Amino acid sequence: MSKVVVVDYGMGNLRSVAKAIEHVAPEAEVRVSADAAEIAAADRVVVPGQGAMPDCMRELSARGLREVVVRAAAEKPFLGICVGLQMLFGHAEEGDVMGLEILPGTVPRFPDAAMVAPDGTRLKVPHMGWNQVQQVDAHPLWDGIADGARFYFVHSYYVEPQTPEVIAGSTHYGIPFTSAIARANIFAVQFHPEKSAQDGLRLLANFMRWNP
Amino acid sequence: MLAKRIIPCLDVNAGRVVKGINFVQLRDAGDPVEIARRYDEQGADEITFLDITASSDDRDIILHIVEAVASQVFIPLTVGGGVRQVEDVRRLLNAGADKVGMNTAAVNNPQLVADASAKVGSQCIVVAIDAKETAPGRWEVFTHGGRKNTGLDAVEWARKVESLGAGEILLTSMDRDGTKAGFNIPLTRAVAEAVGIPVIASGGVGTLQHLADGVTEGKADAVLAASIFHYGEFTVRQAKEFMRSRGIEVRL
């Protein structure tokens, strides 16, 4: 039986993520945990995250989970969601903090100057709602999901990888931005699969079956 | 491109979905979990629950409903009604809500908006504004279900809650609510153009054209409706197909 741990560092709606995984993988053991030993023993690790990047980084460290998350990202199927994607990178404009620096790149805010729709109206920030994800390459986590499918987003910052080969999905909101990345055992998304209806559930089901 | 959202709204009283007729009689419209599932299947982009339970004894029922819905429906859930303190926000989020709406409490204590958004993030905080036209081109904020005039200018108040940390505004025209005469377009547009956060138009939807008008004329980012969906007049899918036929980007 596969054991998946949703890392609990006090940020965000972790139960939604756990419930969605339970829904697609009823045979799996799904735990929401802040225990480093339990995270280390998991077969798969999910790092969600909501709210401000500086708070997330502070809480992760305060709970002594930084190391175990970095280790999980190096060795087992790892899914990052929202801030769980952003924290894989380096400098974040929000609060001027550093992420885990697992991948080279930065986390800027949507630039005001570019926040204009084709019809001239102002684009709101946060980017909130259902937007399309263009799949850059085939990946086991995209299996059964149409290219251009819509997922639910809510964020004001986005990742800018320095190595374009990690980009797995891209979305347009004023500017094109990276909405999914993949490298070896890591897959991470800016949107919320746990809130993205059938396509989101499919992505989570794919993650639970994934053997990178 | 980002899709415009269609959000069915469920008024919940002591565990049942109800709909007022002429603001008084409450008609039973069914089981909240069952109705939420049906809207999800029809392609609703989010679901909003408004808890109108009067008795404080029954206030926790909404938490159980949110829990039940959140384990079966995997789209964003917003819950409002009776939120008075940060602790209420936290309890609803823990039960499975993604966003929490506040109205009267935000007017009485604007600091609540700031405290709640600092604690759980702006993206979780929706400020509901009930506005009524008091002079041509002027809308004032009403609280207590539309009974009490605060004297606040609705557009100014929207800007203020944005600066306090609200992540979204749910704007209801009290003049239009329940009339099926369509959104109050000038009000919607004035607020939507005044703030940089998303605005949900509410109050008055009677036809699918009204929904489209809220987006194209009112410049709303999302449209909310209750009765046209509850009684099977239209499905959410029909609403989306109609909006698409009017050139509006939707998730179908």
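**Burial and overall form, chain B**

I started with burial in chain B: 54% of its 252 residues are buried. For that I counted a residue as buried if 20 or more other C-beta atoms lie within 10 Å of its own, exposed if 12 or fewer, and partly exposed in between, with C-beta atoms placed from the backbone. A note to myself on the source: this is a predicted model, where local features need pLDDT of at least 70 and side-chain atom pairs count only at pLDDT 80 or more, while totals for chains, interfaces and linings use all residues. Residues are numbered from 1 along each chain as its sequence is written, and chains are lettered from A and ligands numbered from 1 in the order in which they are written.

Next I looked up the secondary structure of chain B and found 10 helices and 12 strands. Helices (H or I, at least four residues) and strands (E, at least two) are DSSP runs, numbered from the N terminus. The radius of gyration of chain B is 17 Å, close to the 18 Å that the globule rule gives for 252 residues, so chain B is as compact as a globular protein of that length. I took this radius over C-alpha atoms, and the globule rule is 2.2 Å times the number of residues to the power 0.38. Along the principal axes, the C-alpha atoms of chain B fill a box of roughly 45 × 45 × 40 Å.

I also checked contacts by sequence separation, two residues being in contact if their C-beta atoms, placed from the backbone, lie within 7 Å. In chain B, 64% of the contacts between residues at least 6 apart join residues at least 24 apart.

**Confidence**

How confident is the predictor in chain B? The mean pLDDT is 92, and 97% of the residues reach 70 or more; pLDDT is the predictor's confidence in each residue, from 0 to 100. I found the lowest confidence in chain B in strand β3 (residues 25–30), at a mean of 71, and the highest in helix α6 (residues 154–164), at 98. For the complex, the predictor gives an ipTM of 0.92 and a pTM of 0.94.

**A helix pair in chain B**

I then followed helix α2 (residues 61–70) and helix α3 (residues 86–95) of chain B, whose axes come within 8 Å and cross at roughly 30 degrees. Axes are lines fitted to C-alpha atoms, for helices over the stretch in contact, and angles run from 0 to 180 degrees between N-to-C directions. Leu63(B), Val66(B) and Glu67(B) of α2(B) meet Arg91(B), Leu92(B) and Ala95(B) of α3(B). By class I get four nonpolar, no polar and two charged residues in this contact. Ala, Val, Leu, Ile, Met, Phe, Trp, Tyr, Cys and Pro count as nonpolar, Asp, Glu, Lys and Arg as charged, and the others, Gly among them, as polar.

**Where the chains meet**

I find 25 residues of chain B in contact with 28 residues of chain A. The chain B side of this has 11 nonpolar, six polar and eight charged residues.

**Chain A and its sheet**

Chain A has six helices and 14 strands, and 51% of its 212 residues count as buried. Its open sheet of eight strands runs β2-β1-β3-β4-β14-β13-β12-β9, with mixed pairing; two strands pair if DSSP finds at least two bridges between them. β2 (29–33) and β9 of chain A stand at the edges with a single partner strand each, so one side of each is left without a neighbour in the sheet. Helix α1 (residues 14–24) of chain A packs on the sheet, touching β1 (3–7), β2, β3 (44–47) and β4 (78–81), and its direction makes about 175 degrees with that of β2(A).

Strand β9 (residues 134–135) of chain A runs antiparallel to strand β12 (residues 167–173) of chain A, joined by two bridges. β12(A) in turn has six bridges to strand β13 (residues 175–183) of chain A, also antiparallel. These two form a hairpin with one residue between them, and Gly174(A) in the turn has a positive phi of about 75 degrees. Ile167(A) has Ile181(A) as its bridge partner in β13(A).

**Gln135(A)**

Which residue of β12(A) stands opposite Gln135(A)? I found Gly169(A) there. Gln135(A) is partly exposed, with 18 other C-beta atoms within 10 Å. Leaving aside neighbours within four places in sequence, I see Gln135(A) in contact with Trp142(A), Asp147(A) and Gly169(A).
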